[in-house]
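Thanks for asking me to look this one over. Here are my notes, point by point.

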Amino acid sequence: MVAQDQVQLIAYADRLGGDLRGLADFLRRDEVAGAFGGVHVLPFYTPFDGADAGFDPVDHTAVDPRLGTWDDVRELARTHDVMVDLIVNHVSADSATFRDVVARGDASPWAPMFLTMSSVFPDGAREEELARIYRPRPGLPFTAIRLGDRLRYVWTTFTPQQIDVDVTSALGREYLTSILDATARAGVRLVRLDAVGYAVKTPGTTCFMTPETFDFIADFAAQARERGVDLLVEVHSYYRRQVEIARAVDLVYDFALPPLVLHALYTGDGTALVDWLRERPRNAVTVLDTHDGIGVIDVGPDQTTPPGEPERPGLLTPEQIDALVEGIHARTGGASAHATGAAASNLDLYQVNSTFYDALGRDDARYLAARAIQLFTPGIAQVYYVGLLAGQNDVELLERTGVGRDVNRHHYTAAEVDAALATPLVQRLLALCRFRSTFPAFDGDVAASLDGSHLTLERRGAAEPDAVARLEVDLATGGASLAWSVAGGAEATVDLGTFVPHDLGDVGAP
């Protein structure tokens, strides 16, 4: 199954090497080899460049021929654990099945596969029922579309180009099984259920992470395990809900970690970070950056508290969250403000769009400290391709597309990749990833302590208890050091701001 202690890369198939083969070549080049045991390949289905960068598939079972074939996915899986997205909540409005429904309405055999307002509320809905529906964007999740000869309110959680599937229908279940089978046959061993929290619509509820949603996830997970595939659930939500979700699934994201790391390095106060490190689920995938923005809802108060009930506080106070968001905008010179919220289209209101390097003011010391904190946090560590190369905000791409998240989705040329890999910062980050992927201390838990602004994280091996790694970070300055030892050996230490990759050598090699 998936290697739990090896770092994974997150990347689009086309933005490092042009296609799936190019991505494999990147992972296997000498400068990168050994740093990553796996790769999350963002949607490569037909088309990979649709209205939502591949998250609106027309054909979810086909690899876009501009990127390669399923054989290329199998070849990548030969050397790396491959994780792919299963977009379970919706399909493209241009899919053949939905276009048939547009043409023929209820006469289409595919009509039961798609949700409308009346299929969820057959007797109509009261205002308070509609107000309860949770959506990450303003307004109700419906789009008026003529299906056959009738104007219908079609359920569109995200955009009018993404049509929600009835995952409880026979057709919906057959569709989801078909895309699971296609990926499993290609050697994929981990799938990410994109936006699964919105997949089941139950009248009278928030239609988000309801008991029916958990039942759906459990059933789908059972199918996946039969095929040798693990399941990662992608949900941005209140932090206690993430802890609850983790008890029922293989893996969840730790989306609280990125804002807490930023808060700690902005303020020098690691209290909230350490509290979370002690409470967070261990069966988690850790990220600092992804193809989406930096989430703030994950550390804020519960957004789904019913009216009249006391609000449940978050990991950070509203004032701390406001300061965090303004801190990102200040350090990016306002670029993140132009890419976030109402300033840019196709945006989730609970995310700030920026590269993580720019969010730290392009401060190399703080950036390496942040990455080291991530790598010392238990779980599967994933590093986004722009973050790996210490990428800066692509304001030109943002201005060209008007899509806020594109500020952190740069298309790298071969020359840009070579230049980034030659920088000391990227070389140090790769060395840290290699250390995390090979040193035998990281199958154990973490011990976290705080003395003023001085954060200490220690990992001790479960299989090899004499293997110990310790990270010390001064949150006020960003200065950090790494120490490690194995049975019968003296402790070695490096300064994260000055070490050269050779200093870590092959300490983790068997």
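1. A word on terms: two strands pair if DSSP finds at least two bridges between them, and helices (H or I, at least four residues) and strands (E, at least two) are DSSP runs numbered from the N terminus. This is a predicted model, where local features need pLDDT of at least 70, side-chain atom pairs count only at pLDDT 80 or more, and totals for chains, interfaces and linings use all residues. Residues are numbered from 1 along each chain as its sequence is written, and side-chain values use heavy atoms, with hydrogens and water left out.

2. Eight strands close it in the order 1-2-5-10-11-12-13-16, with parallel pairing. Strand 1 (residues 8–11) and strand 16 (residues 380–384) run parallel and are joined by three bridges; there, Leu-9 has Val-383 as its bridge partner.

3. Further along, strand 17 (residues 446–451) pairs with strand 18 (residues 454–460) in the antiparallel sense through six bridges. Ala-447 is bridged to Glu-458 of strand 18. Two residues lie between the strands of this hairpin, and Gly-452 has a positive phi near 65 degrees.

4. Strand 18 also pairs with strand 19 (residues 468–474), antiparallel over seven bridges. Here Glu-458 stands opposite Arg-470.

5. Lastly, the helices: helix 9 (residues 257–267) packs on helix 11 (residues 318–331) at about 80 degrees, with the axes 10 Å apart. Axes are lines fitted to C-alpha atoms, for helices over the stretch in contact (heavy atoms within 4.5 Å), and angles run from 0 to 180 degrees between N-to-C directions. Residues meeting there include Leu-262 in helix 9 and Leu-324 in helix 11.
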